[in-house]
Amino acid sequence: MAERRKLPARINPTRKTVTPWPGECLPSIAVRYAERTAITVGELLASGLSMRATDLASLPLTRDAVLAMSHLASLDPDDMLLRSYDTSGETVAIGDLGIPAYLLDPARRRVAPGTLKRDGDAPWIRLSWQLRCFACEPTSGEMLVDHCPCGKPISWVRCMSVFRCNWCGADLRDIPVRQAPAHLVESSRTFAALLGFGVSTASSRTIERLFPSASAGARLELFALLGRLQYRTEGAGPPLSCSLAPIRGLELALGWPTSFDGIVAGFVDAQPTRLGPAGALVDLRTEIDAIKQGPIRRTLLRRVEAGVRRAERIRRKKPNRPVRYRKTNHWESQVHAGRAARDASRQEALQPVLDWLQRFRTKPVDQVSRLRLRD
Ligand SMILES: [Zn+2]
């Protein structure tokens, strides 16, 4: 092993190092370390860590290389191992956090340009940016960028600097910042809280109250299932990007159990008449059986069975009536509620003016009110 880790003269383990940020991913630490010690990332990987020179994305997946990196850069090996990825089957463990494997995107490098700019002299890549359930940077709420203006996807291949495009070398901090819609900011902040990357939010506390004994991984699995089922009730195939399913599912989980009853009703309505509600039971059971955590799986199955029994009662009485299907979109409904309240208060403020106009009857009042309320 010592033979394989023979270092060129320029790599000196004790001379210079970097201080990893809490929540920084391993490839980011490696790139910053290489810059600091004035070697190329390829040299660090090939000569220092016994890896392929272009295989930076695999560093967190290679335990020996993570330990070698800790030794080289005089960093705490336990802290470095907490940032590594351990894949087994359909789950991946990042330190002590177990999540569905498809949520991790180790090869791509997504960045938040404004956040990197605010990092000042030492920009770094957050581990959360490697996870597909984050649509935006949770703290600033800016959309994560995965393509350089040159058109190529930003990745870790031949990456020389965390804030530069690995293809054309452009400074990614110059990309204009795009603010994410409110519900995506809310979902990213909630995911950050649930996965231990950020402070708790009202939504994360709601989830913890609704599903108290579930691990972070089990909750993510539940969100992904709810999102997927909701897409199916809408007649859509799997979403274009599977990252949308857990985001959608998180919103649905916040509306538990009404949202799930709506999904069950949607499945019943979508069945061919000859199968009836029982067809939905079979269909949903197959989906729910994939959930690994027993208590969550059993809760879902009980809810499905109750929903299907209710649908059967309705069908017996009125065979052609669809089972009531209510759409739930937690954050959007909150936004609408806020907008309605704002409109109401504006209306209240305008009322004296409208009353005054009414006396002159120069224009129909509702036309004036519509005119004013729109701006
Ligand atoms: Zn580029």
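**Notes on the model**

1. Strand β2 and strand β3 (residues 97-100) run antiparallel and are joined by four bridges. Strands here are DSSP E runs of at least two residues, helices are H or I runs of at least four, and both are numbered from the N terminus. Two strands pair if DSSP finds at least two bridges between them. Within this pair, I99 in β3 is the bridge partner of V92. The hairpin of β2 and β3 has two residues between the strands, and G95 in that hairpin takes a positive phi near 60°.

2. This is a predicted model, in which local features need pLDDT of at least 70 and side-chain atom pairs count only at pLDDT 80 or more, while totals for chains, interfaces and linings use all residues. Residues are numbered from 1 along each chain as its sequence is written.

3. T87 stands opposite V92 in β2, and Y85 has I94 in β2 as its bridge partner. The hairpin of β1 and β2 also has two residues between the strands, with G89 at a positive phi near 65°.

4. Together the three strands form an open sheet in the order β1-β2-β3, with antiparallel pairing. β1 and β3 stand at the edges with a single partner strand each, so one side of each is left without a neighbour in the sheet. Neighbouring strands are turned against each other by 25° on average, direction ignored. α8 packs on the sheet and touches β2 and β3, its direction making about 15° with that of β3. Such angles run from 0 to 180 degrees between N-to-C directions, the axes being lines fitted to C-alpha atoms, for helices over the stretch in contact.

5. Contact means C-beta atoms, placed from the backbone, within 7 Å. The residues of the α8 and α9 contact divide into 14 nonpolar, three polar and two charged. Ala, Val, Leu, Ile, Met, Phe, Trp, Tyr, Cys and Pro count as nonpolar, Asp, Glu, Lys and Arg as charged, and the others, Gly among them, as polar.

6. α9 is mostly covered, with ten of its eleven residues buried. The buried residues include R248 and E251.

7. Helix α6 (residues 182-194) packs with helix α7 (residues 202-210) at about 55°, their axes 8 Å apart. That makes α6 oblique to α7. E186, T190, A193 and L194 in α6 meet S203, S204 and I207 in α7. Three of the residues in this contact are nonpolar, three are polar and one is charged.

8. Some backbone features deserve a check. Most residues other than glycine have a negative phi, and most peptide bonds are trans. W256 and P257 are joined by a cis peptide bond, with omega about 0°; P257 is in the loop between α9 (244-254) and α10 (258-270). S50 has a positive phi near 55° and lies in the loop between α2 (41-48) and α3 (63-72). S50 is partly exposed, with 16 other C-beta atoms within 10 Å. S74 has a positive phi near 50°, in the loop between α3 and α4 (77-82). S74 counts as exposed, with 11 C-beta neighbours inside 10 Å.

9. For the protein overall, there are 14 helices and three strands. Of its 375 residues, 37% count as buried. Of the contacts with a separation of 6 or more, 60% are between residues 24 or more positions apart.

Methods:
Angles under 35 degrees count as roughly parallel, over 145 as roughly antiparallel, 65 to 115 as roughly perpendicular and the rest as oblique. Two residues are in contact if their C-beta atoms, placed from the backbone, lie within 7 Å. A residue is buried if 20 or more other C-beta atoms lie within 10 Å of its own, exposed if 12 or fewer, and partly exposed in between; C-beta atoms are placed from the backbone.
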